[in-house]
Amino acid sequence: MIHYLVEKEYQELVDAYEKAGGDKSALLSGDTASLVVQEDRVLSATEIEGVKLAAKTDEGFISAGLLIEEGCKVSRPIHLCFGVLPQEGLQRIKLRVDVKRGAEAKVIAHCIFPNAVHIIHKMDAVINIEDNASFSYKETHYHGDYGGIEVVPKAKVTLGERALYENTFSLVEGCIGKLDFDYEIFCAAKSVAELTAKVYGKKDDIIRIFEKVNLNGNGARSLIKTRIVLTDRAGAEVIGETYGNAPYARGHVDCTELVNGEEAVAKAIPLVSVTNEKAKVTHEAAIGSIDRRQVETLMARGLDENEAVDVIVKGILR
Amino acid sequence: MLEVENLQYGLNGKSIINNLSLHVDKGEIHGILGENGTGKTTLAYLIMGVNNCEPTGGRVVFEDQDIADLSVSQRAKKGITLAWQEPARIEGLRVRDYLKLSGNNLGIEQVENCLWMVGLEPAQYLDRDVDDTLSGGERKRIELASVLAMRPKLAILDEPDSGIDIISLPLILNGIVEMSKRGSSVLLITHNEKVAEIAHRVSLLCAGKIIRTGEPAGTSQWFKEHCRTCPHINEPTEWDKGL
């Protein structure tokens, strides 16, 4: 086990993690794999049997590697905590994930920027999920109300045969600032990729989400699901692309954007392409104001209009 | 409890509700029976104040107060609610939370009881979302369960039987009767004379006008004999109007 501690910073970040809804005990536990990073410094890295987790600072980058050994079924989620507590800062992460053949693991990642005035958070991830392996990555962001953050997560994900990959990205607390999300997935035969992004844009937030799935193997399947709510002057552009390149590949792109304000702007660009006659890819996109019937349904139970809208927004982002 | 007086409503120059008057007593199940397009749903919308429906004439009085200026929420807070014929789907809203919305501080047992009353097993539904993963019949039953949970003074039920299978229908009807026994008034809108038979009184609606009100069996029989075979649906003859 590797265990590095920088006491004061660590304590502050862990406290912020807990306030943001994270499970503090998981970070402190020796039998849960975890990584805690403050700005460009690795505060702790805990490995467990079957899970290799290493991180170091390398010319201003955090260079992290996560390896799940062949056949290892990790019973408890692996916890990653990336934070910048000061008002200003730069956090650049290079993450390499290898999930070996037949392994299973779940990651819960929290990105915490509670005091941000000007922060840049960039993540470049390369994720390889080998045959018959399963990997779930759930990333939740907690931002302050100022919105001075630039969030740039990028990933290339490769799935082996019969591999399963679930990615959930959630940024619904606080103001975003600027989000530029860019994921590309390559699916081998019978593999399954499910991408879910939930984002709540407020004030002057700018959101760009680009997700591309290449269904290259026979029977590969994917779902790109995006839920965006925009208020104030926030703007969003969601691009969901799926390419059915193999027999019996099945893909679906599902985007819903709710606009709750006269100056918010939403755009959805689904692109579906099939290069094999036995593949099938579908899409649906709905953009618009909050459905009046939904609002009135809740009002007819006694909620006032604002409460009803709040219930609908929370539901779509849940 | 509810007095509707000379209510009028039109759209694009066409009269939809035509000088309609009716009253509903406390605890009464009052059936509104009519063919498609006679104005049943519009009447429900006008009483609840939804779907941008505002009367062009007449009054809706609830507990001695004209409710014309009240919002949907205010009407609900006074004890009026509506179960839509085609209820909205709301992504991410769990059934258990939907049933608790009315603010009655229901415990889980009471929420479960509302689901049992409409023939749904709580363990299978409490944590599902009120979204399009539910079938039409399931969504209708959850809508009725949410009305039961609200314990309204007046429940407007717009075709609660549509989309319900024949095995579940008796449960739904029992739930409506139970609601009445607990003191709620029910405006039961239907085109099914069998369903109308659970009402205390039934009014026949034709071209936005009540043409007959009476006890359920006789009124339903009259509906069956006259309205089902009427060749001029929604265009009542002078004879119909004079009934």
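Is Cys111(A) buried or exposed? Select Cys111(A) in your viewer to begin: this cysteine is buried, with a relative accessible area of 0%. Keep in mind throughout the tour that you are looking at a predicted model.

**Stop 1**

A disulfide is a covalent bond between the sulfur atoms of two cysteines. Searching the whole structure, over all chains, turns up zero disulfides.

**Stop 1: helix H4 of chain A**

Next, select residues 305-317 of chain A, which make up helix H4. How far apart are the end C-alpha atoms of this helix? They are 19 Å apart, which agrees with the 18 Å that 13 residues should span at 1.5 Å a residue.

Asp304(A) caps the N-terminal end of H4(A), with a side-chain oxygen 3.2 Å from the backbone nitrogen of Asn306(A).

Then colour the buried residues of H4(A), among them Ala308(A), Val309(A), Ile312(A), Gly315(A) and Leu317(A). To see what the buried residues pack against, show strands S11 (164-173), S13 (192-201), S15 (221-231) and S17 (250-260), along with helix H3 (292-299), in chain A.

**Stop 2: the sheet of chain B**

Move over to chain B and look for an open sheet of four strands, ordered S2-S1-S4-S5 with antiparallel pairing. Strand S2 (14-24) and strand S5 (65-66) are at the edges and have a single partner strand each, so one side of each is left without a neighbour in the sheet.

Zoom in on S5(B) and strand S4 (residues 57-62), which pair in the antiparallel sense over two bridges. Select Val61(B) to find its bridge partner in S5(B), Asp66(B).

**Last stop: Gly58(B)**

Gly58(B) also lies in strand S4 of chain B. At 44% relative accessibility, this glycine counts as partly exposed. Which residues does Gly58(B) contact, leaving aside its neighbours within four places in sequence? Select Glu5(B), Asn6(B) and Leu7(B) to see them. Finish by drawing a C-alpha to C-alpha distance from Gly58(B) to Gln8(B): they are 50 residues apart in sequence and 6.0 Å apart in space.

Technical notes. Residues numbered from 1 in each chain as written. Chains lettered and ligands numbered in written order. Predicted model: local features only at pLDDT ≥ 70, side-chain atom pairs only at ≥ 80, totals over all residues. Heavy atoms only, no water. Pairing = 2+ DSSP bridges. Expected span 1.5 Å × (residues − 1). Buried < 20%, exposed > 50% of the residue type's maximum accessible area, 1.4 Å probe, protein only. Contact = heavy atoms within 4.5 Å. Polar contact = N/O pair within 3.5 Å; in protein donor to acceptor, adjacent residues only side chain to side chain. Disulfide = S-S within 2.5 Å.
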